Amino acid sequence: DLSKTKKHGLEGKKELYKKIQSNVENYAHVFVFAVNDMRNSKLKSVREQWKHSRFCIGKNKVMAMALGRTPEEEYRPNLHKIGQVLVGERGLLFTNQSVDEVTNWFQSYSAGDYARSGNIATEDVILPEGPLEQFPHNLESYLRQLGLPTTLKKGVIHLLKEHVVCSEGDRLSPETARILVKEQSHGSLVSRNESLDRISTSILHA
């Protein structure tokens with residue numbers, strides 16, 4: 001019962017509740033998706049490309065209540081099954097596009113970004129022994145703190161031996177991500193797969 005919800009944000013939750021039930025009436029399919037650490041700007045881009053459909057992101061409890069949490073409560077047949085997988089960072093996509101079109105598009109979707117901790121490296125990044133002229137001299141002590149064997153010679157940072165920053169397929173550590181971001185020439189080369197993963201599908205209308 002939404003009346004039991006705290007007053008703060010109550011109107012927004014009621015609006016989400018009504019929007020979900022309205023979307024059930026107007027769209028043939030609903031997908032549950034998980035967002036893998038996606039920035040708001042990237043999600044906005046996806047929304048723009050899917051203007052013909054509707055995304056709903058909010059409190060899982062409210063979304064589940066709108067769909068119905070049990071067979072007795074469900075707004076339409078089988079919708080309670082959707083509510084059962086609304087765990088963690090989840091959202092709903094309502095669309096009239098075919099199941100194949102939706103799954104193929106989102107499974108192949110990815111967006112490049114500057115390296116962040118937890119990202120997967122898309123290529124090998126190796127810093128050769130010698131001067132690191134791409135870094136300003138005042139970063140020398142910082143780079144040493146991050147694990148690079150460096151020294152300062154005549155105001156230029158030098159790497160004492162070749163250093164493998166990351167290898168393709170590696171999950172980036174916080175230290176590695178900081179190195180890649182500082183080195184602007186490589187920072188954009190390591191991207192995370194910002195995919196909207198399909199978890200389940202329900203056909204709302206035959």
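Predicted model: local features only at pLDDT ≥ 70, side-chain atom pairs only at ≥ 80, totals over all residues.
Threonine 95 belongs to strand 3, which covers residues 90-95, and its relative accessible area of 0% falls under the 20% limit, so the residue counts as buried. Leaving aside residues up to four places away in sequence, threonine 95 touches Tyr27, Ala28, His29, Phe31, Trp50, His52, Ser53 and Val102.

One of these neighbours, Trp50, leads on to the aromatic residues. The structure holds 5 aromatic pairs. In the pair of tryptophan 50 and tryptophan 105, the ring centres are 5.5 Å apart and the planes stand at 75 degrees, and because this angle is over 60 degrees the pair is edge-to-face. The pair links distant parts of the chain, since tryptophan 50 lies in the loop between helix 2 (40-49) and strand 2 (54-56), while tryptophan 105 lies in helix 5 (residues 99-108), 55 residues apart. Tryptophan 50 is buried, with a relative accessible area of 3%, whereas tryptophan 105, at 24%, is partly exposed.

Tryptophan 50 also pairs with phenylalanine 106, and here the ring centres are 5.0 Å apart with the planes at 35 degrees, so the pair is tilted. With tryptophan 50 in the loop between helix 2 and strand 2 and phenylalanine 106 in helix 5, this pair ties together parts that are 56 residues apart in sequence. Both tryptophan 50 and phenylalanine 106 are buried, the relative accessibility of phenylalanine 106 being 5%. The C-alpha atom of phenylalanine 106 is separated by 9.5 Å from that of valine 46, a residue 60 positions away along the chain. Taken as a group, Phe33, Trp50, Phe55, Trp105 and Phe106 form one aromatic cluster.

Charged residues come next. The charged end of arginine 76 sits over the ring of tyrosine 75, 4.7 Å from the centre of that ring. Side chains of opposite charge can pair when their charged atoms come close. A search of the whole structure finds 4 salt bridges, among them one between arginine 144 and glutamate 140, with an N to O distance of 2.7 Å. Both of these residues lie in helix 6 (residues 140-145), 4 residues apart, or about one turn of the helix. Arginine 144 is partly exposed, with a relative accessible area of 44%, but glutamate 140 is buried, at 8%.

Another salt bridge joins the side chains of glutamate 48 and lysine 51, at 3.3 Å from N to O. Glutamate 48 is partly exposed at 45% relative accessible area, and lysine 51, at 56%, is over the 50% limit and therefore counts as exposed. Glutamate 73 forms a salt bridge with arginine 69, their closest N and O atoms being 3.7 Å apart; glutamate 73 is partly exposed at 45%, and arginine 69 is partly exposed at 38%.

These local features can be set against the whole protein. The protein has 8 helices and 9 strands, and buried residues make up 42% of its 206 residues. Of the contacts with a separation of 6 or more, 77% are between residues 24 or more positions apart. The accessible surface comes to about 11,700 Å², and carbon and sulfur atoms account for 47% of that area.

Technical notes
Residues numbered from 1 in each chain as written. Heavy atoms only, no water. Helix = DSSP H or I, 4+ residues; strand = E, 2+ residues; numbered from the N terminus. Buried < 20%, exposed > 50% of the residue type's maximum accessible area, 1.4 Å probe, protein only. Contact = heavy atoms within 4.5 Å. Phe/Tyr/Trp six-rings, centres within 6.5 Å; stacked < 30°, edge-to-face > 60°. Lys NZ or Arg CZ within 6 Å of the ring centre and 35° of its normal. Areas by Shrake-Rupley, 256 points an atom, 1.4 Å probe, with all protein chains shown as cover.
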